[in-house]
Amino acid sequence: MKTVTYTIPNISCSHCVHTITTEVSDVAGVKTVMADKDSKQAVITFDSPATEELIVATLTEINYPPALS
Ligand SMILES: [Cu+2]
C-alpha cells in the first residue's frame, strides 16, 4: 500500500473535488482519495494494480494534471 500526495492546481471548487474523487476511486487498486480545494492537493492511497504513473495519467485525462514536484 502506498500513499502519494499530488498537488493539482486545477482544483477550484467542490465540483472538482467530487470529479477527482469519483474518477480516481474507479481506478482498480485505489483505496482512498482525499482531495481538498483549499490546499489544491489530493492524497491518494493505492495498491497494485494501481501505480503512481496510472494515477497521474488518470488525473491528466480528466483535466486535473498534477503539478510536477
Ligand atoms: Cu471545480
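**The copper site and the rest**

Modeller: Two protein donors hold the copper ion: Cys-13 (SG) and Cys-16 (SG), lying 2.0 to 2.1 Å from it. Donors are N, O and S atoms within 2.8 Å of the metal (3.2 Å for Na, K and Ca); water is not among the atoms, so sites may look incomplete.

Colleague: Before we go on, what sort of model is this?
Modeller: This is a predicted model, where local features need pLDDT of at least 70 and side-chain atom pairs count only at pLDDT 80 or more, while totals for chains, interfaces and linings use all residues. Residues are numbered from 1 along each chain as its sequence is written, and side-chain values use heavy atoms, with hydrogens and water left out.

Colleague: On to helix 1. Which of its residues are buried?
Modeller: Cys-16, Val-17, Thr-19, Ile-20 and Val-24. Seen down the axis of helix 1, these buried residues fall within an arc of 165°, so they line one face. The arc is that of the directions from the helix axis to the C-beta atoms. Helices (H or I, at least four residues) and strands (E, at least two) are DSSP runs, numbered from the N terminus.

Colleague: And what does that buried side pack against?
Modeller: The buried residues of helix 1 pack against strand 2, strand 3 and helix 2. Contact here means heavy atoms within 4.5 Å.

Colleague: Which exposed residues sit on the face turned away?
Modeller: Ser-14, His-15 and His-18.

Colleague: What about the length of helix 1?
Modeller: Helix 1 has 12 residues, which should span 16 Å at 1.5 Å a residue. Its end C-alpha atoms are 16 Å apart, which agrees. The expected span is 1.5 Å times one less than the number of residues.

Colleague: Now helix 2. Which residues are buried there?
Modeller: Ile-55, Thr-58 and Leu-59. Down the axis of helix 2, they fall within an arc of 95°, so they line one face of the helix. Glu-53 and Glu-61 are exposed on the other side.

Colleague: What do the buried residues of helix 2 pack against?
Modeller: Strand 1 (2-7), helix 1 (14-25), strand 2 and strand 3. Take Thr-58, which is buried at 12%. Leaving out residues up to four places away in sequence, Thr-58 touches Glu-23, Val-24 and Val-27.

Colleague: Change of topic. How many salt bridges are there?
Modeller: Two. A salt bridge is a side-chain nitrogen of Lys or Arg within 4 Å of a carboxyl oxygen of Asp or Glu. One joins the side chains of Glu-52 and Lys-2 (2.9 Å, N to O). That pair links distant parts of the chain: Glu-52 is in helix 2, Lys-2 is in strand 1, and they are 50 residues apart. Glu-52 is partly exposed at 30%, and Lys-2 is partly exposed at 42%.

Colleague: And the pair with Lys-37?
Modeller: Lys-37 meets Asp-38, at 3.7 Å, N to O. Lys-37 is partly exposed at 37%, while Asp-38 is exposed at 64%.

Colleague: What about phi at Lys-40?
Modeller: Lys-40 has a positive phi of about 55°, although it is not a glycine. Lys-40 lies in the loop between strand 2 (30-36) and strand 3, and is partly exposed at 31%.

Colleague: Where is Asn-63?
Modeller: Asn-63 is in the segment after helix 2. Its phi is positive too, near 75°, and Asn-63 is a residue other than glycine. Asn-63 is exposed, at 57% relative accessibility.

Definitions and conventions: Buried means under 20% relative accessible area, exposed over 50%, partly exposed in between (1.4 Å probe, protein chains only).
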